[in-house]
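The report below looks at one structure, taking up its loops, its nonpolar core and the packing of its helices in turn. The sequence and the model are shown first.

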Amino acid sequence: MPTDAPATTVVVVTWRGADHITECLDGLAAQHSPHRTLVVDNASDDGTATLLARHPSRPAVLRPRRNLGYAGALAAALPHVTTPFVAWLNDDAVPRPAWLSTLEDILRADPGCAAVASVLQRPDGTRQSSGVRLTADGHGADLTGAPSPTAPPFGFCGGAVLLRLAPLRAEGGVPAGFFCYYEDLDTAWRLRLAGHGIAAPPERPDAAVVHRHGASTRPGSPRFHGWNERNRLLTLLRCAPAAVAVRELARFAALTAVLPLRRARPGSGTAVPDAPNFRVGLRCRVLAGVVIRLPGTLARRVVVGRRRVLARSDVWRRWAGK
């Protein structure tokens with residue numbers, strides 16, 4: 001590859017992003033580092049296609065016939081990436097000018113590092129994410145403070161991250177069937193199991209990303225909770241120690257079974273939270289989704305196990321609950 005060729009393809013996934021995609025592309029056009037931009041337009045019907053065609057940066061566009069979700073769109077884009085690095089960027093995220101060049105420098109400096117997280121800020125300047133930690137029950141949770149050498153992130157937020165293409169492909173790419181949410185934790189976990197490093201984000205204001213979280217999806221909605229709950233369990237089944245995966249699946253099923261009893265006894269001291277993920281119907285749909293996907297998930301677990309260089313139990317002990 002010529003030395004002046006772009007090192008990174010930035011993949012932007014959009015769905016009905018007409019009210020914010022232009023700002024995202026403007027942010028990419030202002031980057032210090034040359035790059036390629038590939039927009040996956042998930043069958044938008046709101047004029048997004050026209051805005052993409054008119055934008056001065058002239059991004060390449062991949063347009064599936066249906067909405068593949070964030071995970072599915074990233075997976076669809078992967079065969080079209082020919083650069084050594086690939087970045088994922090939400091369509092409601094605006095990178096500051098040094099974002100890409102700073103992350104590229106970090107990956108170039110450490111050949112054992114497969115990904116570097118970003119600092120995502122809300123529009124008011126508060127920090128949304130400095131990477132992702134792994135909780136004791138297998139959730140992925142945003143780190144909202146600055147990471148330290150003693151408390152680095154386990155993974156990255158998929159809203160803005162730079163990855164090395166070769167290990168991403170070697171470790172199975174992106175779980176397209178997740179649709180959206182937890183594709184970033186699952187990917188980070190597989191990279192960790194394979195012995196790859198994941199770098200903390202740079203603490204540089206000019207390398208941060210401003211993120212309008214939830215512009216395309218509604219955090220807190222039933223669909224949001226359904227995807228999160230299902231994909232957490234699928235990630236555990238694919239990546240976690242078997243005892244942890246079985247424990248968390250059993251806990252989810254047991255709580256689902258007792259929720260009607262708790263609701264029938266409101267004065268018992270075990271109040272049920274008023275949130276969609278505590279609705280029996282949603283939880284039953286989550287369990288059904290896991291069961292339907294179980295054969296493929298277990299087959300993928302075998303593949304992940306064959307490629308790992310670190311024991312699942314060692315990765316879990318090192319990172320869970322940190």
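## Loops, core and helix packing

Arginine 16 is placed in the loop between strand E1 (8-14) and helix H1 (21-29). The model is a predicted one, and in it the phi of arginine 16 is near 50°, a positive value in a residue other than glycine. Most residues other than glycine have a negative phi. A positive phi is also found at phenylalanine 179, where the value is near 70°, and this residue lies in the loop between helix H5 (165-170) and H6. A further loop residue, asparagine 277, has its place between helix H8 (242-264) and helix H9 (280-307). Leaving aside residues up to four places away in sequence, asparagine 277 touches His225, Glu229, Leu282 and Arg283.

| Residue | Relative accessible area | Class |
|---|---|---|
| Arginine 16 | 41% | partly exposed |
| Phenylalanine 179 | 24% | partly exposed |
| Asparagine 277 | 12% | buried |

Asparagine 277 counts as buried because its relative accessible area of 12% falls under the 20% limit.

The largest nonpolar core has 80 residues, and those with the most contacts inside it are Trp88, Leu89, Trp99, Phe156, Leu163 and Trp189. Helix H7 (residues 222-239) supplies the largest share of this core, with seven residues. Apart from residues up to four places away in sequence, tryptophan 189 touches Leu134, Phe154, Thr235, Leu236, Cys239, Ala240, Val315 and Trp316.

Which residues of H6 meet H7? Leu185, Asp186, Trp189, Arg190 and Leu193 in H6 do so, and their partners in H7 are Thr235, Leu236, Arg238 and Cys239. By class, this contact of H6 with H7 has five nonpolar, one polar and three charged residues. Helix H6 (residues 183-193) and H7 pack at an angle of about 15°, with their axes 10 Å apart, so H6 is roughly parallel to H7. The crossing of H6 and H7 is right-handed.

H6 also packs with helix H10 (residues 312-319), here at an angle of about 115° and with the axes 10 Å apart, and the crossing of H6 and H10 is right-handed. In this contact Trp189, Arg192 and Leu193 of H6 meet Arg312, Val315, Trp316 and Trp319 of H10. By class, the contact of H6 with H10 has five nonpolar, no polar and two charged residues.

Notes. Residues are numbered from 1 along each chain as its sequence is written. This is a predicted model: local features need pLDDT of at least 70, side-chain atom pairs count only at pLDDT 80 or more; totals for chains, interfaces and linings use all residues. Side-chain values use heavy atoms; hydrogens and water are left out. A nonpolar core is a set of buried Ala, Val, Leu, Ile, Met, Phe, Trp, Tyr and Cys residues joined through side-chain atoms within 4.5 Å. Buried means under 20% relative accessible area, exposed over 50%, partly exposed in between (1.4 Å probe, protein chains only). Helices (H or I, at least four residues) and strands (E, at least two) are DSSP runs, numbered from the N terminus. Contact means heavy atoms within 4.5 Å. Axes are lines fitted to C-alpha atoms, for helices over the stretch in contact, and angles run from 0 to 180 degrees between N-to-C directions. Angles under 35 degrees count as roughly parallel, over 145 as roughly antiparallel, 65 to 115 as roughly perpendicular and the rest as oblique. A crossing is left-handed if the near helix is turned anticlockwise from the far one by less than a right angle, and right-handed if clockwise. Ala, Val, Leu, Ile, Met, Phe, Trp, Tyr, Cys and Pro count as nonpolar, Asp, Glu, Lys and Arg as charged, and the others, Gly among them, as polar.
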